[in-house]
Amino acid sequence: MGRLTDSDPDDTAAAAPAENNTAEALDPAAEPHHSARRHLALGRELLRISVRRVPGLTLALLLTQTAAVAVVAVTALCLRAAVNASAQGRAGTAVAAALGAAVAYAVTAVTADLGGNIKGLIIDKVSLLDLSASVHRDIASLDGIEHLESGDFLDRTVIVAGSTWSIVNGFWAAVMAVFGAAQLAVALLLLGTVSPWLLALLGFAAAPLWFDQRGQRAVSRAETDTAESYRLQQHLFDLATQAGTGKEVRVAGAGEQLASRQAAAWDHAVRARTRAQVTASLWTVTGWFVFSLGFTAGLAAVIYRVAHGHGSAGDIVLAITVAVTLLQSVQTTVSGTTTATAARRVVEPYLWLRDYIEAERVRAEGSTGPAPAALTRGIALEGLTFRYPGADRPALDDVSILLPAGSVVAVVGEYGSGKTTLVKLLTKLYRPESGVIRVDGTPLAALDTVGWRAATSVAFQDFGRYRTRLAETVGLGDVPYIDDRARTAAALTAADADTFVARLPEGQETQLGRALGGVDLSEGQWQKTALARASMRPGPLLFVLDEPTASLDAPSEQEIFLHYMARARELAERAGAVTVIVSHRFSTVAGADLILVLDKGKLVEHGPHAELLAAGGRYADLYGLQAAAYAS
Ligand SMILES: Nc1ncnc2c1ncn2[C@@H]1O[C@H](COP(=O)(O)OP(=O)(O)OP(=O)(O)O)[C@@H](O)[C@H]1O
């Protein structure tokens with residue numbers, strides 16, 4: 001992502017999403033297990049970021065940890081010397097050695113506390129100021145929206161966005177584990193000076209590590225396996241508790257049903273996760289049991305040897321001191337490794353997201369062509385086919401047609417026939433699976449996405465409800481002019497919103513959204529704000545209205561259509577702009593130059609209204625049905 005650029009090219013290639021939107025490309029099982037090399041590279045990046053962001057703290061942490069390793073040896077050697085010197089009656093040496101041990105103990109206590117605090121500070125700063133910000137920025141900068149409609153992407157985003165702290169924590173835990181291992185090595189070396197047999201404790205020290213990792217893998221697996229249930233219960237909870245859906249749920253009396261389904265999904269997720277936690281705890285206990293057995297046997301061996309004249313009393317003290325340190329070192333190494341391993345739950349999706357974003361960037365690299373200043377030929381669809389991830393049939397199937405420059409094109413068809421999908425492809429929110437869109441002969445894919453979008457205005461069917469001040473809600477349609485009140489006022493007029501704006505307490509400056517201390521709008525009023533937003537750009541080459549009046553009453557609908565037809569003609573005159581109007585209501589689109597009739601993704605008829613009526617085909621049937629329904 002953004003500033004983290006050291007990706008492993010092999011891994012990137014392996015993880016890059018497939019070129020098309022196939023189900024396989026989004027199969028969670030297909031997620032790569034990133035190589036150790038990749039994890040190391042990420043570690044180096046995090047170290048670099050820490051050094052850059054908090055150099056003093058990073059240095060202090062590394063120094064305290066190095067000191068912690070050194071004091072293990074100093075403490076044990078001083079204590080052995082003190083005991084042996086006292087036994088031999090060398091009081092001066094004994095006192096000096098005891099003092100050395102005391103100082104070393106004090107340093108141990110200070111470094112333990114200080115290390116933890118410094119680590120916490122570094123993690124907070126790096127995760128909040130760098131990682132979180134770069135994750136949000138990179139996700140927001142993706143061109144299309146397929147990632148926003150992909151469960152796989154969303155799952156990973158949810159995991160990563162809330163847990164960048166774990167990534168940095170995991171890295172520093174790994175560093176602590178390395179220092180713990182160094183401490184362990186020093187401790188074993190000292191034990192070796194008492195008896196080489198004590199080196200066997202290394203094997204026993206590895207047991208807790210190994211068993212702990214097994215447990216962590218079980219926990220990790222359970223979380224992945226239950227991610228869907230977890231998402232489902234969250235969705236059901238939202239359905240019942242959010243104002244929009246909550247109304248329906250209450251009127252329908254579906255609350256109980258939703259609550260029991262939510263409980264079942266929650267129960268399934270929690271049960272599986274708890275089972276895995278219990279298994280992990282059992283593995284941990286087993287590991288420590290094995291270590292304790294080895295430790296007790298080793299200590300018994302030292303005491304036996306000293307009792308039989310091999311070694312001094314100081315050796316026993318050294319063995320006990322070091323063995324205690326050994327326990328601490330193992331604990332540091334185990335907990336560091338466990339935390340670092342647990343962080344893989346976030347690191348793996350994080351690397352997956354980086355690969356995804358990188359692949360998207362590479363794919364967008366060819367899109368650099370400028371949008372034309374005006375259209376002369378129009379927008380040609382050639383064999384356009386598109387299938388949503390996981391869908392068994394295409395949403396658009398081999399659609400070929402020219403949307404002539406300067407024309408008003410209506411797209412009609414029944415629910416789910418592919419109308420909105422066509423809009424998404426025209427606005428580069430999705431890439432076609434096959435076929436091509438040409439803008440005056442240039443493939444749309446070759447045009448710079450930002451440039452093309454700047455030449456486009458769209459009012460989407462599922463429009464956004466931005467709870468800002470009304471003027472900003474509208475002004476967001478053309479960000480450079482967000483504070484241009486004359487322009488936002490004109491856009492509101494175009495959307496037939498003047499009457500309701502006049503009734504708002506502070507007109508254009510009214511804050512929207514009751515939760516933010518503002519006012520709530522009706523569906524129709526929200527739709528008018530979306531229409532106004534789409535009217536902000538003065539001269540788009542492509543102007544799209546997707547069901548622009550679905551929430552409006554008949555007089556508003558009529559008013560708005562008349563206005564936008566006039567605007568379409570004006571835009572056509574000025575720059576050969578194409579206006580696309582998606583509508584269920586056939587009567588409203590009769591004035592279009594070209595009508596496209598979609599049926600299950602196929603373009604089944606096209607032509608002007610009169611021609612299609614005369615042909616007596618699908619359009620004529622549907623038109624007749626609607627006319628009869630409105631007449632009755
Ligand atoms: N994000 C999505 N993921 C998967 N399938 C989708 C998605 N959006 C739409 N579809 C499916 O693609 C097909 C075409 O949908 P589209 O929204 O383009 O139809 P439409 O003609 O605009 O419908 P409506 O009139 O209801 O708005 C439908 O079968 C729909 O279920």
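1. Let's start with one term: two residues are in contact if their C-beta atoms, placed from the backbone, lie within 7 Å. With that in hand, look at the contacts in this protein that have a separation of 6 or more: 77% of them join residues 24 or more positions apart. Keep in mind while you browse that this is a predicted model.

2. Now the overall make-up. The protein has 632 residues, and 39% of them count as buried. Its secondary structure comes to 21 helices and ten strands.

3. Next, have a look around the ligand. Which residues come nearest? Of the 13 residues around the ligand, the nearest are Tyr388, Ala395, Lys419, Thr420 and Thr421. Sorted by class, this shell holds seven polar, four nonpolar and two charged residues. Helix 13, residues 419–426, supplies the largest share of the shell, with three residues.

4. Why can we call helix 13 largely enclosed by the rest of the structure? Seven of its eight residues are buried, and that is the reason. The buried ones are Lys419, Thr421, Leu422, Val423, Lys424, Leu425 and Leu426. To see how such a list can wrap around a helix, remember that an α-helix has 3.6 residues a turn, so residues three or four places apart point the same way. Just after helix 13, check Lys428, which takes a positive phi of about 60 degrees.

5. Six strands form an open sheet in the order 6-7-8-3-9-10, and the pairing is mixed. At the edges stand strand 6 (456–459) and strand 10 (602–607); each has a single partner strand, so one side of each is left without a neighbour in the sheet. Ignoring direction, neighbouring strands of this sheet are turned by 15 degrees against each other on average.

6. Zoom in on one pair from that sheet. As a reminder, strands of a sheet pair through backbone hydrogen bonds, either parallel or antiparallel. Strand 3 (residues 408–413) and strand 9 (residues 594–599) run parallel and are joined by five bridges.

7. Last, the database record. An unreviewed UniProt entry lists residues 57–82, 94–115, 158–179, 185–211 and 280–304 under "transmembrane region". How much of residues 280–304 is helix in the model? That span is 100% helix and 0% strand, with its end C-alpha atoms 37 Å apart. Residues 185–211 come out at 78% helix and 0% strand, and there the end C-alpha atoms are 20 Å apart.

Note on methods:
Residues are numbered from 1 along each chain as its sequence is written. This is a predicted model: local features need pLDDT of at least 70, side-chain atom pairs count only at pLDDT 80 or more; totals for chains, interfaces and linings use all residues. A residue is near a molecule or strand if its C-beta atom, placed from the backbone, lies within 6 Å of it. Helices (H or I, at least four residues) and strands (E, at least two) are DSSP runs, numbered from the N terminus. Ala, Val, Leu, Ile, Met, Phe, Trp, Tyr, Cys and Pro count as nonpolar, Asp, Glu, Lys and Arg as charged, and the others, Gly among them, as polar. A residue is buried if 20 or more other C-beta atoms lie within 10 Å of its own, exposed if 12 or fewer, and partly exposed in between; C-beta atoms are placed from the backbone. Two strands pair if DSSP finds at least two bridges between them. Axes are lines fitted to C-alpha atoms, for helices over the stretch in contact, and angles run from 0 to 180 degrees between N-to-C directions. UniProt positions are given in the numbering used here, feature names are shortened, and annotations may be inferred rather than shown by experiment.
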